[in-house]
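Let's take a walk through this structure together, one part at a time. Have a look at it first, and then we'll start with a pair of strands.

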Amino acid sequence: MSLFDKFLPIQEARNELLKSGVNPFHLTVEKIISPTEAIINGQTTILVGTNNYLGLTFHPDSILAGQQALAQEGTGTTGSRMANGSFASHRELEKAIADFYGAPYAIVFSTGYQANLGVLSALAGPGDTILMDGDSHASIYDGCRLGGADIIRFKHNDVADLEKRLRRLGDRSHRTLIIVEGIYSMLGDRAPLAEIVEVKKKYGATLIVDEAHSLGVLGPHGRGLAEETGVEQDVDCIVGTFSKSLGSTGGFGISFHPEFELIRYASRPYIFTASPCPSVVASTRATIRIIQSQPELRRQLWNNSHHLYEGLKKSGYTLGAEVGPIIAAMIPNKELALAMWQQLLENGIYVNLMIPPATPNGECLLRCSVSAAHTEKQLVHICQTFQTLKDKFLA
Amino acid sequence: MMSYSEILPQLFDTLKPFAKEGFRLKESTELVAELGLDSLQVMQVLLKIEDHFDISIPLNNLPNIRTVKDLGEEIEKLLKG
């Protein structure tokens with residue numbers, strides 16, 4: 001027996017996939033062309049699975065800002081902010097994201113994953129309780145585990161189940177952190193935030209919303225589900241990522257609580273990691289300015305989302321319940337999902353293949369993420385190809 | 001407050017529908033290995049038990065629960081608060 005023996009089941013699963021001639025979880029993008037196109041397997045491919053919601057990865061302002069910072073501040077920071085000090089640009093990015101949310105306190109992390117690890121593990125420790133939605137992202141699970149609090153799951157988007165579990169906690173509900181997401185990454189549905197806020201207030205708990213997929217997408221100013229629902233002042237903390245709508249890398253937490261600033265001193269994922277590099281920080285700041293000044297990007301994203309959702313629905317696919325930039329087509333089994341994913345790729349379309357155990361309720365999904373940068377022509381091609389595959393595989 | 005000996009028969013009753021016909025549940029029965037539950041069924045079992053005893057079992061405690069006895073002791077601990 002060796003340590004590596006535990007990987008044998010993974011090897012078997014991978015070999016099974018390779019028998020089909022393709023490994024969807026080891027794809028190489030040979031050349032990226034634009035926010036919506038790349039060369040994959042030697043052919044031009046439309047990207048409909050990259051969470052590039054506003055299509056800003058090639059925006060000239062963000063590229064220029066990154067280039068200038070690279071030349072002026074160097075390639076990296078070579079260490080953590082606690083040990084090496086913060087660059088002025090780190091502080092400026094924190095001010096930019098705080099101002100965007102109209103919140104007084106913000107902390108920037110090196111990735112979105114680390115933002116959840118850093119905020120959750122620092123906020124809820126031994127003796128505290130976390131109530132997390134059952135469909136939460138892996139970074140939320142990992143952040144909860146790192147902190148050492150008791151972790152209790154409630155049924156996905158089920159406020160009655162959440163309330164039941166808060167009641168069961170008794171006095172401990174005051175030391176309980178509720179975690180939900182603005183838009184859930186698998187099926188694209190949203191948390192029932194107004195009702196969750198009511199329950200949170202009733203039991204004196206603390207509420208954190210992960211707006212990773214809803215930043216730039218929901219709300220009059222693109223701040224996410226809390227803004228869209230009109231409950232920003234009732235949410236204790238928001239976490240998010242710069243790596244989706246903002247087309248960059250990094251994560252953040254914002255709050256109205258003054259104590260939030262102290263998380264810097266208690267958060268191992270903040271303290272013991274290299275700080276974001278200057279070019280990434282500069283590009284992110286530029287992109288925050290773009291989403292503030294160009295609300296038309298959000299309108300275009302929603303137009304495109306409606307186009308694709310209605311197109312797939314018309315073809316007869318079973319989709320997630322809500323129209324939005326994440327559109328997941330449910331496929332009856334893994335073999336069909338893999339075959340259809342492969343045919344999509346051969347037809348120049350890249351979507352995400354999602355299979356259990358990563359999916360809720362054991363679903364097999366062909367998950368699309370729409371971009372404001374998708375053209376009418378691209379969307380028509382995607383809808384037509386899905387229609388062809390429906391006739392071929394699911395008739 | 002319910003004791004372990006009071007919890008156990010109720011636990012057997014709750015688990016019975018998830019066991020194959022004729023299978024005799026014992027304290028030493030391994031929940032996953034012997035009942036042959038997949039991960040979705042495990043969640044269903046837990047939900048049913050949580051509602052029956054009006055408790056929430058933290059995810060952190062699950063790795064320590066292998067047998068019916070482990071589960072009964074966990075329930076007793078949670079009911080004691």
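How many bridges join strand 7 of chain A to strand 8 of chain A, and do they run parallel or antiparallel? There are 5 bridges, and the two strands run parallel. Strands here (E, at least two residues) and helices (H or I, at least four) are DSSP runs, numbered from the N terminus, and two strands pair if DSSP finds at least two bridges between them. Strand 7 covers residues 176–181, and its A:Leu177 stands opposite A:Thr206 in strand 8. Strand 8 (residues 206–210) is mostly covered, with 4 of its 5 residues buried; buried means under 20% relative accessible area, exposed over 50%, and partly exposed in between (1.4 Å probe, protein chains only).

Before going on, a word on what you're looking at. This is a predicted model, in which local features need pLDDT of at least 70 and side-chain atom pairs count only at pLDDT 80 or more, while totals for chains, interfaces and linings use all residues. Residues are numbered from 1 along each chain as its sequence is written, chains are lettered from A and ligands numbered from 1 in the order in which they are written, and side-chain values use heavy atoms, with hydrogens and water left out.

Now find helix 7 of chain A, residues 159–169. At its N-terminal end sits a cap: a side-chain oxygen of A:Asp158 lies 3.2 Å from the backbone nitrogen of A:Ala160. Just after the helix, A:Gly170 takes a positive phi of about 60°. Among the buried residues of helix 7 are A:Leu162, A:Arg165 and A:Arg168. The buried residues pack against strands 5, 6 and 7 and helix 8 of chain A, together with helix 2 of chain B.

A:Glu163 meets A:Lys202 in a salt bridge, 2.6 Å from N to O; the term stands for a side-chain nitrogen of Lys or Arg within 4 Å of a carboxyl oxygen of Asp or Glu. A:Glu163 lies in helix 7 and A:Lys202 in helix 8 of chain A, so the pair ties together parts that are 39 residues apart in sequence. A:Glu163 is partly exposed at 22% relative accessible area, whereas A:Lys202 counts as exposed at 59%.

Where does chain B come in? B:Asp51 forms a salt bridge with A:Arg168, the closest N and O atoms being 2.8 Å apart. B:Asp51 also meets A:Lys164 in a salt bridge, again with 2.8 Å from N to O. B:Asp51 lies in helix 2 of chain B and A:Lys164 in helix 7 of chain A, so this pair joins two chains. Across the interface as a whole, the rule finds 5 salt bridges. In all, 12 residues of chain B are in contact (heavy atoms within 4.5 Å) with 13 residues of chain A. The two chains bury about 1,100 Å² between them, 46% of it on carbon and sulfur atoms; that buried area is the accessible area (1.4 Å probe) lost on being put together, summed over both.

One last stop is A:His90, in helix 4 (residues 88–101) of chain A. A:His90 is buried, with a relative accessible area of 1%. A polar atom of its side chain lies 2.8 Å from the backbone oxygen of A:Pro276. Leaving aside neighbours within four places in sequence, A:His90 is in contact with residues including A:Thr77, A:Arg81 and A:Val281.

Terms used: A polar contact is a pair of N or O atoms within 3.5 Å; within protein, one must be able to donate a hydrogen and the other to accept it, and residues adjacent in sequence count only if both atoms are side-chain atoms.
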